[in-house]
Every structure is written in structure tokens, then in C-alpha cells.
Amino acid sequence: MLGDRDQSVPTFASRRVLDSLARTGVSTHAVVSFRNANHFLRDADRGPQPPVWNAMMSWLQSVGVVRGP
């Protein structure tokens, strides 16, 4: 999970490393960028948190770590 306005760790650099995993055959990861989110995955302008945990739970369910509701 990346914030596209992260000023601590450049999102483009993180995405490049994570995307390289896909080229090695690792398929149990997903890269999700949250628009206007900062390093803490909070809205960079207003402060509230985007739907980070909803995205996390959906991914955990899709890879079979957690069962659906």
C-alpha cells in the first residue's frame, strides 16, 4: 500500500521494486496506491484516512489468509 504523495519514500521507487517481484514469478502480492495519501496513508490535505483497511482485508481474502464475511 502506497500513498501517491509520500514524501518520505518515493512511491515510484517503491512501485518499481514491487513490480520487479511480478517479473520473478511472485504472484501473491498486490500494489495499491491511494490517491492523495501521504506516507502514513492519510489524506495529505485533509488528514482522514482513505479506505486502507478495506483494501487490506479484500487482499487478505483474495489470497486465502482470511475468510470472507
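The following paragraphs lead from the whole chain to a few of its residues.

The structure is a predicted model, in which local features need pLDDT of at least 70 and side-chain atom pairs count only at pLDDT 80 or more, while totals for chains, interfaces and linings use all residues. Residues are numbered from 1 along each chain as its sequence is written, and side-chain values use heavy atoms, with hydrogens and water left out.

The chain contains two helices and two strands. Both kinds of element are DSSP runs numbered from the N terminus, a helix (H or I) having at least four residues and a strand (E) at least two. Read from the N terminus, their order is β-α-β-α. Along the principal axes, the C-alpha atoms fill a box of roughly 35 × 35 × 15 Å. Of the 69 residues, 19% are buried. A residue is called buried under 20% relative accessible area, exposed over 50%, and partly exposed in between (1.4 Å probe, protein chains only). Two residues are in contact when heavy atoms lie within 4.5 Å. Among the contacts in the chain with a separation of 6 or more, 45% join residues 24 or more positions apart.

Leu2 belongs to strand E1. Leu2 counts as buried because its relative accessible area is 11%. Beyond its neighbours within four places in sequence, Leu2 is in contact with several residues, including Thr11, Arg15, Ser33 and Leu41. Ser33, in turn, is part of strand E2, residues 33-34. With a relative accessible area of 32%, Ser33 is partly exposed. Residues up to four places away aside, Ser33 touches Leu2, Thr11 and Arg15. The side chains of Ser33 and Arg15 are joined by a polar contact of 2.7 Å. A polar contact is a pair of N or O atoms within 3.5 Å; within protein, one must be able to donate a hydrogen and the other to accept it, and residues adjacent in sequence count only if both atoms are side-chain atoms.

Helix H1 has 13 residues and spans 19 Å from its first C-alpha to its last, close to the 18 Å expected at 1.5 Å a residue. That expected span is 1.5 Å times one less than the number of residues. Just after H1, Gly25 adopts a positive phi of about 100°.

Two aspartates in loops complete the tour. Asp6 lies between strand E1 (2-3) and helix H1 (11-23). Asp6 is buried yet has no salt bridge, and the nearest side chain of opposite charge, that of Arg5, is 10 Å away. A salt bridge requires a side-chain nitrogen of Lys or Arg within 4 Å of a carboxyl oxygen of Asp or Glu; Lys and Arg count as positive, Asp and Glu as negative, and His and the chain ends are not counted. The side chain of Asp6 does make a polar contact of 2.7 Å with the side chain of His39, and a polar atom of the Asp6 side chain lies 2.7 Å from the backbone nitrogen of Ser8.

Asp43 is located in the loop between E2 and helix H2 (52-62). Asp43 is classed as buried because its relative accessibility is 11%. Its side chain reaches the backbone nitrogen of Asp45 at 2.8 Å.
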